[in-house]
Amino acid sequence: MTPDVSSLVESDRVAGTLYTDPDLFEREMDRIFHSTWVWVAHESEIAKPGDFRTAWVGRRPVIVSRDRRGGINVLLNRCRHRGASVCDVPKGNGNGFTCPYHAWSYALDGTLRGIPYPEGYEDVVEKKDLPLQRLKVASYAGMIFASFNDDIEPLEDFLGGARLWIDRFMKQGAGYPIKVQGEHRFRFNGNWKIQLENTTDWYHFPIVHRSWMSSVDAETASMLSIMTDETAVTHALGNGHSVSVSVAEHVDLDVDDGTEKLQDRFSHIVEELSKDLPPERVRRIVRSLHGAGFNLNLFPNVAMSMAFFRVLRPLSVAETEIRHVALGLEGGPEIVNRERLRIHEHFQGPFGFGSPDDAEAWNRVQRGVTGGTDMPILVNRGLGREKPNDLGQPTSHATDETGMREAYAMWKRMMTDGN
Ligand code: FES
Ligand SMILES: [Fe+2]
């Protein structure tokens, strides 16, 4: 039965069934994940010709590859013979992909190159007609997106107001290009939108992350004591995207009025870097160690969150996989990349003081909502104080639910258009 989808999302609340209804989940796969731009990789992960990594667009497995001419390809990981996946490793470098079942082989751009024992295919198969299915691909500032929808709007239009913030996010390289240092994955027993909401939810931070707050030094804790900080705001950026500023002086890391004191915890890094670099370069790099001073949520599946990417993959209506991708400086000082990994592990790592607490909260949302799907989920915090900023973007305090309202408005548009 098709639910009356438009009645499920109002400006201040959404229906509990958004987390639990398997029919809605199927419709989301079709109308959102298999229709819009979905983030698949960062260019540093496929830097050289022959590099590839596997990823997902909704529930469909894909391969992201760099071909010999330097082009980026996103290919459905599905053999054109009888359907086996042709690549089952997370990443690597090679000349192409050979299906494990009957060894049809494909080039890095998906062209069908070879068929063993071809005699049976005379007058039956033309190799040029059977490449791996190619998705539409575009990248912005190193972020690679793909879509199954050939008629989709240009990526730059889709990103719209988020582009400024992507550019700002990349400034944490402090002059070095950003690179992926590694990643880890985990699953939680909850709907994907619970995670989507969380990226711009600073309201939970002092509650859920009490153990993290008590595990860091006072300077770091005060950097994120945003409950009463009026410069901590969330902007709705359009098309479901939003950004929450947590550390206003780190929004544009190229701007530095010189008043910010570098944190004592990084003094050993300052000392080490100062052996080779002038003081202003050292200061620029150290100010960027925590990443950008905001969380940027790109609908539907990737968050650029201070110093890492959080990538979500819906597995079923009540199960989601999360990838945490740690970022570093390509060609940057080793001591800096190591420190960035340690900071990442401390919060986001499997034994970290942050993400495991988030996952527990998300599990509990699913458990509670399943027990009472007739009651709405409220996303009304800050509605009374939300105002447009200079760009006309709805803006409120970072603890308000402006980002969630933006995501659900996009969800509603995508789920109901063409009805
Ligand atoms: S299924 Fe791939 S070669 Fe047969
Ligand atoms: Fe959190």
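The model is predicted, so local features need a pLDDT of at least 70 and side-chain atom pairs count only at pLDDT 80 or more, while totals for chains, interfaces and linings use all residues. Residues are numbered from 1 along each chain as its sequence is written, chains are lettered from A and ligands numbered from 1 in the order in which they are written, and side-chain values use heavy atoms, with hydrogens and water left out.

**The iron ion**

Begin by selecting ligand 2, the iron ion, which is coordinated by H204 (NE2), H209 (NE2) and two OD atoms of D358, at 2.0 to 2.5 Å. Donors here are N, O and S atoms within 2.8 Å of the metal (3.2 Å for Na, K and Ca), and water is not among the atoms, so sites may look incomplete. Along the chain the donors follow the spacing H-x4-H-x148-D. H204 sits in the loop between helix 4 (192–198) and helix 5 (205–208), whereas D358 belongs to helix 11 (residues 355–370), so that the pair links distant parts of the chain, 154 residues apart. Helices (H or I, at least four residues) and strands (E, at least two) are DSSP runs, numbered from the N terminus.

Why is the arrangement around the iron ion irregular? The 4 donor atoms subtend angles of 56 to 150 degrees, which makes it so. Four donors count as tetrahedral if all angles lie between 85 and 135 degrees; four count as square planar and six as octahedral if opposite donors are over 155 degrees apart and all others between 65 and 115; anything else is irregular. Both H204 and D358 are buried, a word that means under 20% relative accessible area, with exposed meaning over 50% and partly exposed in between (1.4 Å probe, protein chains only).

**Along helix 11**

Stay in helix 11 and select E360 and R364, which both lie in this helix, 4 residues apart, or about one turn. Their side chains meet in a salt bridge at 3.9 Å, N to O, where a salt bridge is a side-chain nitrogen of Lys or Arg within 4 Å of a carboxyl oxygen of Asp or Glu. E360 is partly exposed at 36% relative accessibility, and R364 is exposed, with a relative accessible area of 53%.

**Other salt bridges**

By this rule the count comes to 27 salt bridges. Next select R283 and D256, whose side chains meet in one of them at 2.7 Å, N to O. R283 lies in helix 9 (residues 279–287) and D256 in the loop between strand 15 (241–245) and helix 8 (267–273), so the pair ties together parts that are 27 residues apart in sequence. R283 is buried, with a relative accessible area of 18%, while D256 counts as partly exposed at 34%.

Move to A303 in strand 17 (residues 302–305). Is A303 buried or exposed? With a relative accessible area of 1%, A303 is buried. Leaving out residues up to four places away in sequence, A303 touches T199, L296, N297, F308, F309 and R310, contact meaning heavy atoms within 4.5 Å.

Then select P300, in the loop between strand 16 (294–298) and strand 17. The peptide bond from F299 to P300 is cis, with omega near 5 degrees.

**Two positive phi values**

Most residues other than glycine have a negative phi, and most peptide bonds are trans. Select D123, which has a positive phi of about 65 degrees although it is not a glycine; D123 is placed in the loop between strand 10 (112–114) and strand 11 (136–140) and is exposed, with a relative accessible area of 87%. N239 also has a positive phi, near 55 degrees, and is found in the loop between strand 14 (233–238) and strand 15, where N239 counts as partly exposed at 22% relative accessibility.

**R405 in helix 12**

Finish at R405 in helix 12 (residues 402–416), a buried residue with a relative accessible area of 10%. The side chains of R405 and E386 are joined by a polar contact of 2.6 Å, that is, a pair of N or O atoms within 3.5 Å, of which, within protein, one must be able to donate a hydrogen and the other to accept it, and residues adjacent in sequence count only if both atoms are side-chain atoms.
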